Each structure stands twice: as C-alpha cells, then as structure tokens.
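Visitor: I am new to this structure and would like to learn how to read its features. Could you take me through them step by step?

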Amino acid sequence: MEREKVLDVKNLYAVFKIQKKEYEVLHDISFDVHRNETVCIVGESGCGKSVTTLCVMGLLPKNGRVISGSIEVDGTDLTKLSANEVRKFRGKKMGMIFQEPMTALNPLLTIGYQLRENLMLHRLVDKKTADKMAVEYLTKVGIANPESRLKQYPFQLSGGLRQRVLIAMVLSAQPDLLIADEPTTALDVTIQKQVLSLLNGLKKDMNAGIMFITHDLGVVAEIADKVVVLYAGRKVEEGSAQQVFNDPRHPYTVGLMKAVPNVDKDEFVIEPIPGMFPNITEEIPGCRFNPRCAYTKQCPLCTKEAPEMLEVEPGHFVACHLVKENAQ
Amino acid sequence: MKRESWIRTAFQKLFRNKLATVCFVILIIEFILIIFADKFAPIDPNLTNVADRLRPGFWDKMNPKYMPEHWLGTDELGRDVWSRLLHGGQVSLAVGFIATFIGLVFGTFFGLLAGYYKRLDNIIMRFMDVLFTFPGVLLALLIVAMLGVSTRNATIAISIWAIPSFARMIRGRVLQIKQEEYITAIQSLGATNFWIIAKHILINAMPTIIVIATMRIAGSILSIATLSFLGVGVPVPQAEWGGMISSAKTQMYKAPNLIIVPGIAIIITVICFNILGDKLRDILDPNLKD
C-alpha cells in the first residue's frame, strides 16, 4: 500500500557559522515520512537530530543555513519559500512538540488563552467556538475536567499535563506532520508511556505523519515504523523498525544496540562505543565513524572515502564500506 | 483551584512588606488631597494679598501674625501655601505621569524592536546612546530652549529624557525572553512576529516595565521641579513645587518654610515612588525570586 508522503527531505545539507567559519552539520540527509507513519530519528547528542527538525520547521538559528537539498511538506518545497510563507506552513501543516514541557508554555497566560489563540489563528473560529474546541482537544489528549484546566496557568500543571496541553495545541491546528523533539525525555517513565500511546493513537486518528526525534532506543522500539540513524550529521542507516532492530548492519547502529542495558539477560553488561563523539569542527576523512569503528583496520577504504548508501534488503539502507564488501 | 492573576499576587506580596505599604498609603492620601485640591484647599492658589504677606504656619501658632485659614502660612505675595502646594502638586503629578507614560510607550516600542530584531538593534540602541550622553537636565533644557517655555514643552522634554532608559532596560529583558523555549514553541505554531512581540514578549516584559515606570515617575516629578526651579518648566504664576522653591529663594532667610514645605512634598513623593518601585522589583522580577 502506497501512502501519501507528508514530508520528503532530499539531499539536505546545512551549515552553522561559528566565528566566521562555516561548519557542516547536515550532510546529504534524505528521508521521508508518510501519513500514519512514525519515523524515528536516532543518534547521539550533536548528531544533527534537532538541527534536522529546525530545518524542517524553518526555525534554524541565525547562524545556521540550509545550503542545498529540498524539504517538501505536502509537495511544497519549503527551502524555496520566503520566511513569511514558511511561517504560514508552521502550525497549519506541521506542528512541533518540544522536549521541555515546563518551558514551552508562556508562563503568564492561561492554558485556555494559549489554546484559544492558536485555534483562532489556524481554524479561523470566533472566541466562543474556540473555547468549546479547546475543551474538546483537551479531552482528546486525555485531560480530566478540561473546563477548569482552561483557567489555569502553566505553573499549576504537572509536566505530563503540560506536555498533553502542548500536544493539544499542536493538534488543534490539524497538522499533517507532527514533529516531536524528544517529547518524553523530561517525563518520568509512566507518563512517558502514556504520552507515547497517546501519540500513537492520535497518529491513527488524525492520519498524520510523525517525525520523532529521540536517543532512547526503548522509545524507538515502542513507537517507530521506520528508523533513521544519524551519526555526525550523516545518515548511516535507514530501515523499518524491525529491520534496524533485528538486523542492524552499520557498526554504529550495532554499537548503539549493545549500549542499551538489557534486563532480560543474565549478564548485565553495557558495551559502550569506544572513543568520543567528534566535534563539529573536526574534519574526519572517509567515513565519519572510522575513528571509533572496530573494523576500520580491516578496511583501507574507511579512512579514505565516504561510504555510499547501499540497499541491503528492500527498504533497508546502510552507508558502510564493510557491509558493501561483505555483500559483494 | 482558584484563578490567581499575577497582579493580585503582586499586591498581596506588596502589602506583606510594611515599608512598601506605608509608602503606598502615603501616596494614596497624597493623590486624594491633590486630585480634590479644590475641596481641601478652597482658597485660590493664585490670589495675592499684600496685607497677609509671609504669614507663619501652624508651627508658630503663638505668633500674632498666624492666621488659622492659612495653616501653612503664606508666601511673599500673600498666597496661601497649602493651596499652592496642592494645586502645584496637580501639575507635578500630571507632568510626572504623562511624561513617564509617553516615555514608556516610545521606550517600550523601541526596546521591543531593538531586542527582537537584531538588524534594528544597532541603529536604535546607538541612537539611544546619543540621547544618553546628554546629562538629563541639559537635554531637557535644550529641548525647552528649542520649543519655548510652557508646561507642555517641559512635559515633552521630560518624556524624551525618559525614553532611552526605558528602551535600554526593555531591550535587555526582550533579549532574555527571546531565548525562552515558549517563544520558539509559539513560532513553531505559526504565530506572526508582530503577535509574538505584541502579546507574548510584552506580557513577559510587563513586570520590568511596571518597575521602571514606577521609578521613572519619581524621576519625572523631580525633573519638572528642577526645570521649574530653573525657570524653564511651568510658567508663573501657575503653582508648581519647583517653581514655589524658586520664587521663595529671595525670602530664604526670612521665611525658610517657603522652601522647606514644597521641598518636603517633593522628597516624600519621590522617596515613596522609589521605595515602591524597589519593592515591586523584588516582587515582580523573576530573576530575583527566591
């Protein structure tokens, strides 16, 4: 079944200017999100996950810039639009859920006001209808007695409730694409579980695509249809959740899986990936993972040439010289 | 849970502080006296009476020259000091509030723009720096000299004088607020820049604005008194605190009370506003919260 694409990122390159020098933060990133699909973008801090979301939202900080590639949301290339046109896409077509629910709501305005404002902007309804709809959306995200919540200020709500309010706000604009930047990191595990199942349910209800940023592989396992693994601004592996989890090919992905504590096994060992994550200013020739990769010595190409994406099985792509060699 | 607005919480906290409460009450009494000056001081403030010149006030009741209807005495032209004090206060307070308000509106406008748009920042703030380089009184004198002496022009001068300090403080606050995640969150929901500035940033800058405004009112009252004292503020014979002190200079040794009485009025008003502003800052400034 071919579903409609809501987000199609192709060959995205982005740079950050630091002290008058430009450093590449995203290198040839491509992936797509279909309706009713959750794509998880996984990687360590600094690998470019958040920058990717900011590129899509058009909210890169002033010193960042997309140099080439295209970001198509519902068939429109955002990189070709003016800032004001991109603004019209935000909220309406794509909504973003933030990592820190504690700081993502204006502390001096009531929940009701903030919801209403958003509804009036995107759904063009009057105040009364907006209030009614706000109650509906709060109910939808599982908030008990929404009427009284509307009159409260953010500080009167717990983290989980605030995240729900934020989700309600994003949903109320009926976006086709939901971007969630580690929405569960700041929540405790039980609330995390609730929020994840809420997102999963809403995805089906709204027939929206979700781009989910996380470094928590447990969350990935729970929610992802497709997984994109980033390392130092490059895509190293992409595939369906089953493919990536059951049969990780890239040494980095394999390392990530090993670094997750497994409570089911008797030996409780975490195997870390050796070495340090490279700094943005560091230049690494060849595969960016080669200084930390166990197989670099066996393969002379790793330090010389950047590996190309290779389809190892339908829908499962890996960028690694070793995998390529083994396949041949 | 009961709905609580931050303004109400702020007032509750304010009244928990004794000094702030005292200042607040003093100012309220002063406002009532001054606003209803015609009731509390029915004598015409500009009525001269050479026969009753330089009458002493209530502190010298034994003096045969004391007249109970002039309980604060009379000045060198026989005008009732109490009446001039209240009616003069009308001018002082009006100028203080109006000038602060005008300065606040423009200062906030420039401050918001400079803080939010990096491109405008340098242009606006360098212009504010130019205004800042003039010593306040000198700038006001310059403006009055250009526009001519009148109460309105003095108000304009004091307003312009107030703009840069507002702009600078608010710009600083905006730079801080801009970094907050809720601003990014609102952006991500598709809000326009105008709406973000006009609603979300402004409301978060409000505590700062209230505090500076309170402090600034004191400054403006002092400024109009200074200008009147120098003879470029409120034109005679209109009563005004600074002007009262100025005209009493000649009688300084014969009747020092003519300087002391309006002087005390200025001091009380200014100190009360400053203390109130200071306490408000403690209450409203999120950076100083315990």
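Visitor: What is the area buried between chain A and chain B, and what percentage of that area do carbon and sulfur atoms give?

Guide: Please keep in mind that this is a predicted model. The size of an interface is often given as the accessible area lost when the parts come together. In this case the area buried between chain A and chain B is about 2200 Å², and carbon and sulfur atoms give 61% of it. The contact draws on 28 residues from chain A and 22 residues from chain B.

Visitor: How many salt bridges are there between chain A and chain B, and how many residue pairs are in polar contact across the interface?

Guide: The count of salt bridges between the two chains is zero, while 11 residue pairs are found in polar contact across the interface of chain A and chain B, with both residues at pLDDT 80 or more. On the side of chain A that touches chain B, at least two residues each come from β6 (94–97), α3 (111–122) and α6 (159–172) of chain A. Of these, α3(A) gives the most, with five residues. Sorted by class, that side of chain A has 15 nonpolar, eight polar and five charged residues.

Visitor: Which residues of α8(B) are buried, and what covers them?

Guide: Helix α8 of chain B, residues 181–188, is mostly covered, with six of its eight residues buried. Those residues are B:Y182, B:I183, B:A185, B:I186, B:Q187 and B:S188. Their cover includes α1 (49–57), β6 and α3 of chain A, together with α4, α7 (151–178) and α9 (193–229) of chain B. Just after this helix, B:G190 takes a positive phi of about 90°.

Visitor: Why does B:T108 count as buried?

Guide: A residue is called buried when its relative accessible area is under 20%. B:T108 has a relative accessibility of 9%, and therefore counts as buried. The residue lies in helix α4 of chain B, residues 81–116, and, leaving aside neighbours within four places in sequence, B:T108 is in contact with B:G103, B:F166, B:I170, B:L202 and B:I209.

Visitor: How many bridges join strand β1 to strand β2 in chain A?

Guide: Strand β1 (residues 5–18) and strand β2 (residues 21–34) of chain A run antiparallel and are joined by 10 bridges. A:I18 stands opposite A:K21 in β2(A), and the two strands form a hairpin with two residues between them, where A:Q19 in the turn has a positive phi of about 50°. β1(A) also pairs in the antiparallel sense with strand β4 (residues 64–73) of chain A, over eight bridges; there, A:D8 has A:E72 of β4(A) as its bridge partner.

Definitions and conventions:
Residues are numbered from 1 along each chain as its sequence is written. Chains are lettered from A and ligands numbered from 1 in the order in which they are written. This is a predicted model: local features need pLDDT of at least 70, side-chain atom pairs count only at pLDDT 80 or more; totals for chains, interfaces and linings use all residues. Side-chain values use heavy atoms; hydrogens and water are left out. Two strands pair if DSSP finds at least two bridges between them. Helices (H or I, at least four residues) and strands (E, at least two) are DSSP runs, numbered from the N terminus. Buried means under 20% relative accessible area, exposed over 50%, partly exposed in between (1.4 Å probe, protein chains only). Contact means heavy atoms within 4.5 Å. Buried area is the accessible area (1.4 Å probe) that two parts lose on being put together, summed over both. A salt bridge is a side-chain nitrogen of Lys or Arg within 4 Å of a carboxyl oxygen of Asp or Glu. A polar contact is a pair of N or O atoms within 3.5 Å; within protein, one must be able to donate a hydrogen and the other to accept it, and residues adjacent in sequence count only if both atoms are side-chain atoms. Ala, Val, Leu, Ile, Met, Phe, Trp, Tyr, Cys and Pro count as nonpolar, Asp, Glu, Lys and Arg as charged, and the others, Gly among them, as polar.
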